[in-house]
Amino acid sequence: MADEEYQIADATGRFTIAVKDGRKLNNISWENGRILLSNKRLILAGNDGKRTIRLSDVTGLSGREDATQSIAALSNYLSVKVGDDVIIIAPNDHEAFKTAFFTAMLGETVIKAKHPAVEGGVVQDSPWEKARLAVEPESLLVTLESGTLVELELDEISEIDTEQRTVDGGKRTVIEVSHVEGTTNVETHLTGTTRTCIFAQAFLKEGERRSETNVDLAPAEEEVLMALYSGVSPFSIPEFIDQDVETVEETFEKLIELDIVDKVRERREVTLNSRGRNIASEAMGDQ
């Protein structure tokens, strides 16, 4: 039945709150426990109790609500926005849980799709069709009503764009996915509810990030950048990523020199600027 609740994942790991009521927390306190995921709820159960989050209340990832800026995952944790809070979840098996999370958010969702919208650089007259989504570890499957199966493989995606277009007489956000099908460059266009577009693009953005690298950062430096992007207070980053204060401050200085962050105060307080947000969301490279 459509309303039946069923389990999707039962993982162990740790979790914390990075933003509470819209304010970044300076003291990050990790809690170890179970991370339970169904098609309706996310449950974080630790020694201090249990927090239940309805998936319908999850509005984005990494604190970003805009469908053009949401991202799928940063390093080995997911940064989930729930209202004015940002909850960071670090399951022990990150890849498996990430697939489960997007399955919960997108699996069996009905959307509209146009395929191919562009083939070999030539615009096609393919109609918009109803389609159903399914999530695989390395691809988003789109099954068209006509029976065609389109596999959007992350490794074959070169670019993701969004535009506001008229679909079925109304303005809709359209995700334009540029990818390779066989030996041909094609575009597949997807549209759905705002919420569906946020999470579909978040998942597909991973493919675009794999094909782009705009800065050369060491893994430890990427951790600092990703923590900033996820909403972690600069003062909490050493504890959050388990690095020495001096090492993190050196990374801050490098990011300032690369014009990725702006210095707010003389010591240990910086903020991502527009270039830094773009790099973090679109050009983190292959995670």
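Ala, Val, Leu, Ile, Met, Phe, Trp, Tyr, Cys and Pro are counted here as nonpolar, Asp, Glu, Lys and Arg as charged, and the others, Gly among them, as polar. The model is predicted, with local features requiring pLDDT of at least 70 and side-chain atom pairs pLDDT 80 or more, while totals for chains, interfaces and linings use all residues. Residues are numbered from 1 along each chain as its sequence is written, and side-chain values use heavy atoms, without hydrogens and water.

A search of the whole structure returned one cavity of 30 Å³ or more. A cavity is a set of points on a 1 Å grid over the protein atoms alone where a 1.4 Å probe fits but cannot get out; lining residues have an atom within 4 Å of a point. Volume is the space filled by probe spheres set on the points, which are joined across faces, edges and corners. The largest cavity has a volume of about 40 Å³. Its lining consists of Ile-111, Leu-133, Ile-175, Leu-190, Thr-191, Gly-192, Thr-196 and Ala-200. Strand 16 (184-191) and helix 2 each give two or more residues to this lining. Helices (H or I, at least four residues) and strands (E, at least two) are DSSP runs, numbered from the N terminus. By class, five lining residues are nonpolar, three are polar and none is charged.

Five aromatic pairs are present. Rings of Phe, Tyr and Trp (its six-membered ring) pair if their centres lie within 6.5 Å; planes under 30 degrees apart are stacked, over 60 edge-to-face, and the rest tilted. Trp-30 and Phe-240 are stacked, because their ring centres are 5.0 Å apart and their planes lie at 20°. The two residues are 210 apart in the chain: Trp-30 is in the loop between strand 2 (23-24) and strand 3 (31-38), and Phe-240 is in helix 4 (residues 237-241). Phe-240 is buried, at 3% relative accessible area. Buried means under 20% (1.4 Å probe, protein chains only), exposed over 50%, and partly exposed in between.

Phe-102 and Phe-203 pair edge-to-face, at 5.2 Å centre to centre and 65° between the planes. Together with Phe-101 and Phe-199, they form one aromatic cluster.

Helix 3 (residues 219-229) is mostly covered, with eight of its 11 residues buried. Among them are Val-224, Leu-225, Met-226 and Tyr-229. Glu-221 and Glu-222 are also buried. Just after helix 3, Gly-231 adopts a positive phi of about 105°.

Technical notes. On a 1 Å grid over the protein atoms alone, a cavity is a set of points where a 1.4 Å probe fits but cannot get out, and a pocket is an open set with protein on both sides within 12 Å along at least five of seven lines; lining residues have an atom within 4 Å of a point.
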